[in-house]
Every structure is written in structure tokens, then in C-alpha cells.
Amino acid sequence: MPTRDHQMMPDRRRVGPVSRILAPITVAATALAFASSGHAAECKDPDALTFAMVPTEETVAELELYKPVTDRMAALTGKEIQFFMPTSYASVVEGMLGGFVQVAVLGPYSYVIAAEKDPAVEVFATYAKKPGHMQEEGPGYRAALITKKGSGLTSIESLKDTTLGLVDPGSTSGNLMPRVVFGDVIGMDLDDYFGKVVYTGSHELSSVAVGKGKVDAAFVATHRFDNVVSKGEIKLEDVNVLWMSDPIPQDPFVYRNDLCEELRTKIANTFLGLKDQPEAKAFLDNVKSNTFVPMSSADYDIIRKLKAAKDARKKAG
């Protein structure tokens with residue numbers, strides 16, 4: 001299963017009156033989009049806000065679910081809300097760092113990478129999940145190592161020299177946790193323990209790849225695995241769960257903090273006030289959540305520690 005191309009190659013589709021999917025634009029055009037009315041040096045107040053999320057198996061369908069949210073953001077901010085269709089975790093980070101994207105849903109690891117490169121990338125919220133098939137209740141999730149039931153792969157030892165599916169180099173539970181934390185469990189690098197390591201591109205694809213026997217094992221996020229179960233593509237009883245990580249903070253919702261403070265407050269209120277909006281119930285139900293909760297940079301310090309450990313290992317060879 002080849003690694004997904006990490007270039008920004010967005011699709012273009014109309015998703016609603018206040019939302020549209022954007023292609024990459026030139027640096028000059030980006031600068032114009034960010035020009036504010038006489039206050040550009042102090043803060044940015046663009047006429048439109050670009051929203052993006054790390055890709056899932058069905059990002060376009062997920063975008064449709066976000067329509068009540070983008071409509072609410074448009075109403076609260078008075079801005080046109082545009083959507084950038086990414087091809088990878090890296091392309092969302094690139095959009096945030098370049099100022100092309102102002103509001104995004106990142107993975108915890110990709111957020112830490114982005115904020116390290118540019119402190120203007122700031123987390124403000126995440127969702128508190130309902131309990132699910134594998135997912136626990138609250139603003140956290142776990143990385144789970146799964147194999148297909150009946151495959152005979154029922155222990156970590158039985159996985160030696162098999163094929164492992166990871167998600168994306170920018171994924172927390174689908175790459176960082178396996179390489180750092182699980183690497184300590186097996187006492188060596190994943191590439192040395194497994195016969196082959198491949199990137200599938202999403203948690204959903206990793207889950208299905210295990211179910212169809214395309215990979216022998218995979219690391220998946222518990223809440224993303226639940227999505228595949230809910231769609232009927234796999235059942236919890238179809239897999240063996242051989243290992244689970246400690247809790248990981250849920251996907252951070254971020255904005256650029258060089259936006260004007262009043263605008264940032266309205267963006268945050270878009271999500272934090274969703275629980276009181278009847279029209280948003282379907283959206284919250286679809287993301288298996290009752291509410292959004294405020295989050296800060298410190299909530300992701302555990303990810304920074306894991307990243308530092310991974311970087312130290314890499315430096316040491």
C-alpha cells in the first residue's frame with residue numbers, strides 16, 4: 001500500500017452557500033486575502049476564513065457533516081468560510097504555516113509539529129467523545145494495535161516479521177505512539193521487528209486493511225476504528241486487540257493567533273457553543289460527541305515529550 005503523496009493537491013467541490021473548497025493560491029494572493037482594514041501590522045481580519053481538517057477516508061462526506069458548523073462560523077464572524085481539501089496531514093500543516101489556512105482540525109502530533117515551527121498556530125478546543133465500540137468517554141482516545149480474528153496473530157510475539165500498517169507520518173496514534181511507546185515494548189525499531197511497514201493513509205483504511213487481510217496488523221485510533229464499525233465495514237469482534245496506549249488528547253481544533261482577538265473569540269465560540277444549537281445535534285452525533293471543551297497548549301505536552309523522544313532516537317541513529 002503506497003505512502004500517500006504529501007503535496008497539496010486539493011479537490012474543488014461546492015459544498016454550500018458559505019463554504020467552498022480551495023485550490024492552492026499564490027503567495028501574493030494569500031497576502032491580499034489577509035490584508036485587514038488598516039490594522040494588518042497589529043492583527044489580521046480577512047474577508048474570508050479558510051478551514052481544513054486532516055484527511056480521513058471520506059473527507060468530503062465529513063465536510064458535509066460540518067456544514068452546520070461552517071454556517072454557524074459564518075454567522076458569528078460575518079466571514080465567508082472556505083474549505084481547503086488536503087491530501088495529507090502535512091498539507092494541512094503547510095496551509096496553517098503559510099497563512100493560507102486560518103482554522104483547522106489537526107492530529108495531536110501534527111499540531112505539535114506546526115506549533116513548534118510557528119507559535120501562531122494555537123489550539124482552542126477539542127470534542128469530548130461519547131463511549132463507543134472501542135472508544136472511551138471523554139476528550140481522549142488511545143492507539144490500539146489490532147489483528148484479524150482467526151489469523152493466529154494473537155500475541156505481540158506472533159507479529160515478528162509480519163506486515164504492519166501505519167497511518168501517516170504525521171499521525172499520533174498511527175505513527176508516533178507506535179514508533180516511540182510501542183518501540184519500547186518490543187525493545188527495537190518497528191522496521192526491524194516487522195517484516196514490512198507500510199502507510200495506508202488513514203485510520204479507516206488501516207482498519208479495513210486488517211479486516212481484509214491486506215496487512216497483518218495495524219495501529220489505529222480507537223475513535224476512528226469506531227467510525228468503521230458504525231459504517232458496517234468491520235466489527236469489534238472481527239479483531240484481536242493486542243495492545244493499547246495510554247490516553248491521548250483528542251484532535252486539536254486550532255486557529256492562527258495573529259487573527260484579531262474578537263475574531264478568534266467568535267471562532268472558538270462557534271465550537272464551544274455547539275451543544276446549545278439544535279441544528280448542530282446531527283453533527284455532534286456524527287462525531288460521537290455531546291460537546292466541545294476548551295483546550296490549551298499544555299494539554300498536549302505529553303505529545304511533545306513523545307516527539308522529543310522520537311527525535312532523540314532519530315538523531316542517535
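This is a predicted model: local features need pLDDT of at least 70, side-chain atom pairs count only at pLDDT 80 or more; totals for chains, interfaces and linings use all residues.

Q: Which residue of β11 does glycine 165 stand opposite?
A: Glycine 165 faces alanine 218 there.

Q: How do you know that β9 and β11 are paired, and in which direction do they run?
A: Two bridges link β9 (residues 163–166) with β11 (residues 217–221), and the strands run parallel. Pairing takes at least two bridges, so β9 and β11 count as a pair.

Q: What makes β10 and β12 edge strands?
A: Start with the order, which is β10-β9-β11-β8-β12 in an open sheet of five strands with mixed pairing. β10 (196–199) and β12 (239–244) each have a single partner strand, so one side of each has no neighbour in the sheet. From one strand to the next, the twist averages 30°.

Q: Which helices go with this sheet, and at what angles to β11?
A: Helix α6 (residues 172–186) lies across β8, β9, β10, β11 and β12, at about 120° to β11. Helix α9 (residues 222–230) packs on the sheet too, touching β8, β11 and β12, and its direction makes about 100° with that of β11.

Q: Why is alanine 114 called buried?
A: Its relative accessible area is 0%. The cut-off for buried is under 20%, so alanine 114 qualifies.

Q: What does alanine 114 touch, leaving aside neighbours within four places in sequence?
A: Alanine 114, which sits in helix α5 (residues 108–117), is in contact with Val93, Leu97, Leu106 and Val121. Valine 93 is 21 residues away along the chain, yet the two C-alpha atoms are separated by 5.9 Å.

Terms used. Residues are numbered from 1 along each chain as its sequence is written. Side-chain values use heavy atoms; hydrogens and water are left out. Helices (H or I, at least four residues) and strands (E, at least two) are DSSP runs, numbered from the N terminus. Buried means under 20% relative accessible area, exposed over 50%, partly exposed in between (1.4 Å probe, protein chains only). Contact means heavy atoms within 4.5 Å. Axes are lines fitted to C-alpha atoms, for helices over the stretch in contact, and angles run from 0 to 180 degrees between N-to-C directions.
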